[in-house]
Protein chains: 2
Amino acid sequence: MSSSLTHSQPSASESVRARSEAKRARIVDVAMRHFAEQGYHQARVQDMAAELGIAKGSVFQHFGSKERLFLAAYKRAVTSFPGWLDVPGETREQGFFATVRYWLLRTVDTLREDWVPYRVALIGNYGTDLGLKRQINRFLVNEDPYRLAAFVKFGVDRGELRRDVDQDFVASFLDWTWERFQDALLTEELDPGLFRRHGGRPERTEARIEEFLRLLRSAIGAPQPLAPPKAAPKKARQARR
Amino acid sequence: MSSSLTHSQPSASESVRARSEAKRARIVDVAMRHFAEQGYHQARVQDMAAELGIAKGSVFQHFGSKERLFLAAYKRAVTSFPGWLDVPGETREQGFFATVRYWLLRTVDTLREDWVPYRVALIGNYGTDLGLKRQINRFLVNEDPYRLAAFVKFGVDRGELRRDVDQDFVASFLDWTWERFQDALLTEELDPGLFRRHGGRPERTEARIEEFLRLLRSAIGAPQPLAPPKAAPKKARQARR
DNA sequence: GGATGGTCTGACCAGTAGTCATGGACAATA
DNA sequence: TATTGTCCATGACTACTGGTCAGACCATCC
């Protein structure tokens, strides 16, 4: 990116640089909120500048275009999320699907505290131009911010995931279903009507999660995970109406 | 809007109505192409009007806003697609997953002939505002244009789908995975780089489809599709195709 | 012919992303 | 302290778009 590291100027250009960096960060902060609250197209660069107490032109001087500003906000939002394997050691020891469950349960709670980054990610995934989406995708492919690949490898190494299918494909499958399910789950309270199923009662959330995990395990789990002599768990069959 | 249907005037208001309808149809036709080629935001209402040889104002008179114009285009695109069960009787008899395979194979070919409706659908799903997406979603929920519910019921009735999970949830799961896989598959040649996996060789398409079907069948298929005939099948390890 | 109602028009408006010449703040130098 | 040069903030400005509307236009109906 920059060549600041080659020169070891102590304070001069360094502080200037830090100053500029700090300003960029402030702008991105405000931009995230605006994008999250208004959506990409409704958000006004002018409003962000006003809130920051700076001129609109400054924003463009720093980011060049609204698209790139959003991209910066998107990247910050996504990189602020933890990776798949950033779970308590205890959960990690319980394995792959326990980790998936952990995140599903956790995300619902986390969301209530701070939904801004999630909303920005959502907008990046569904609510911008296809051109922007292409750049977003490139970022996701190159950076793998959630460390999905390592997570799948983790599952395979533990023998929890099937090996008769290309590992990348398993990762994709997890990615697809996880993302859509999470969106359905989260937007249910955050933005009702945005995704398919509209009626779900919130108190059924945990049951839905277990249902999802069952399907997911069937799909990508290793063939016989429950073969050995477990003490016959009485599978409650009350699911059917 | 108008109360023409209450009066049974034969030709007068009827022909006017037809005329108006025809014009709307022409506009939607052109709009579809423009949206498909340029994307939602890059497409200019002015350009569409110019191509049609009419004034921009007329477009707005008929549709009120660009959003509603796109919505009309989207609806036409989606309803132009066949439903899940609109397959040759032969395929239908082969069952649920054979039908899924049929559509996966078929869509790739169909796309090359006419990619406009597909592109419009894609833009509706990923490349507009969240507000528009909400309306799109409402349409999909209310109309179920692909007859997904009936298709899933078909699979359940045939005993090909598992019954221990809510039927709606199975439908959602199929919807999610199908859509993402299809997008990945189709955009691979149509728009490389739009979705996650970028490297796939086109000649591997059929293999990928079989891989997908295997995962899908594991996820939502009935537990033991190959149990009955043999006396004591020893837990077949190999997933049957 | 004249009245009537809907349709088309294009000039017009409001509002936004993006530009740029200007000027100021600040650090390095003398 | 004065000078100089670099970078950045500024806000007036442009280009262009979606959207509006009063009136022209036109087909139908008395």
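This is a predicted model: local features need pLDDT of at least 70, side-chain atom pairs count only at pLDDT 80 or more; totals for chains, interfaces and linings use all residues.
Start at Asp144(A), which counts as partly exposed because 15 C-beta neighbours lie inside 10 Å.

**Stop 1: Asp144 in both chains**

Stay on Asp144(A) and look at the backbone. Phi is near 50°, a positive value in a residue other than glycine. Most residues other than glycine have a negative phi. Now widen the selection to the flanking elements. Asp144(A) sits in the loop between helix H8 (130-143) and helix H9 (148-157) of chain A.

Jump to the other chain and select Asp144(B). Here, too, phi is positive, at about 45°, and the residue is not a glycine. Asp144(B) lies in the loop between helix H8 (130-143) and helix H9 (148-157) of chain B. Is Asp144(B) buried or partly exposed? Asp144(B) is partly exposed, because 15 other C-beta atoms are found within 10 Å.

**Stop 2: Gly83(B)**

Gly83(B) belongs to the loop between helix H4 (66-79) and helix H5 (89-94) of chain B. Gly83(B) counts as partly exposed, since it has 14 C-beta neighbours inside 10 Å.

Which residues is Gly83(B) in contact with, leaving aside neighbours within four places in sequence? Select Tyr146(B) and Arg147(B) to see them.

**Stop 3: Leu104(B)**

Move to helix H6 (residues 96-113) of chain B and pick Leu104(B). Leu104(B) is buried, because 21 other C-beta atoms lie within 10 Å. Show Gln182(B) and Ile209(B) next. Leu104(B) touches both, not counting residues up to four places away in sequence. Then draw a distance to Leu52(B). Leu52(B) and Leu104(B) are 52 residues apart along the chain, and 35 Å separate their C-alpha atoms.

**Stop 4: chain A as a whole**

How many helices and strands does chain A have? The count is 11 helices and zero strands. Read along the sequence, the pattern is α-α-α-α-α-α-α-α-α-α-α.

Colour by burial instead. Of the 241 residues in chain A, 27% are buried. Take the contacts in chain A between residues at least 6 apart in sequence: 66% of them join residues at least 24 apart.

**Stop 5: two domains of chain A**

The domain assignment gives domain 1 (18-77) and domain 2 (82-220). Taken over C-alpha atoms, their centres are separated by 27 Å. Each domain puts 13 residues into the contact between them.

Look at the domain 1 side. Helix H1 (12-38) and helix H4 (66-80) of chain A each supply at least two residues there. H4(A) gives the most to this side, with seven residues. By class, the side of domain 1 that touches domain 2 has nine nonpolar, one polar and three charged residues.

**Stop 6: H2(A) against H3(A)**

Select helix H2 (residues 45-52) and helix H3 (residues 56-63) of chain A. Their axes come within 8 Å and cross at roughly 105°. H2(A) and H3(A) are therefore roughly perpendicular to each other.

From H2(A), the contact uses Val45(A), Gln46(A), Met48(A) and Ala49(A). From H3(A), Lys56(A), Ser58(A) and Val59(A) take part. The contact has four nonpolar, two polar and one charged residues.

**Stop 7: chain A against chain B**

Bring chain B back. Where do the two chains meet? In contact are 37 residues of chain B and 38 residues of chain A. On the chain B side, helix H7 (116-126), H8, helix H10 (167-190) and helix H11 (205-220) each supply at least two residues. The largest share comes from H10(B), with eight residues. By class, this side of chain B divides into 13 nonpolar, nine polar and 15 charged residues.

How values were computed: Residues are numbered from 1 along each chain as its sequence is written. Chains are lettered from A and ligands numbered from 1 in the order in which they are written. Helices (H or I, at least four residues) and strands (E, at least two) are DSSP runs, numbered from the N terminus. A residue is buried if 20 or more other C-beta atoms lie within 10 Å of its own, exposed if 12 or fewer, and partly exposed in between; C-beta atoms are placed from the backbone. Two residues are in contact if their C-beta atoms, placed from the backbone, lie within 7 Å. Ala, Val, Leu, Ile, Met, Phe, Trp, Tyr, Cys and Pro count as nonpolar, Asp, Glu, Lys and Arg as charged, and the others, Gly among them, as polar. Axes are lines fitted to C-alpha atoms, for helices over the stretch in contact, and angles run from 0 to 180 degrees between N-to-C directions. Angles under 35 degrees count as roughly parallel, over 145 as roughly antiparallel, 65 to 115 as roughly perpendicular and the rest as oblique. Domain bounds come from an automatic or database domain assignment.
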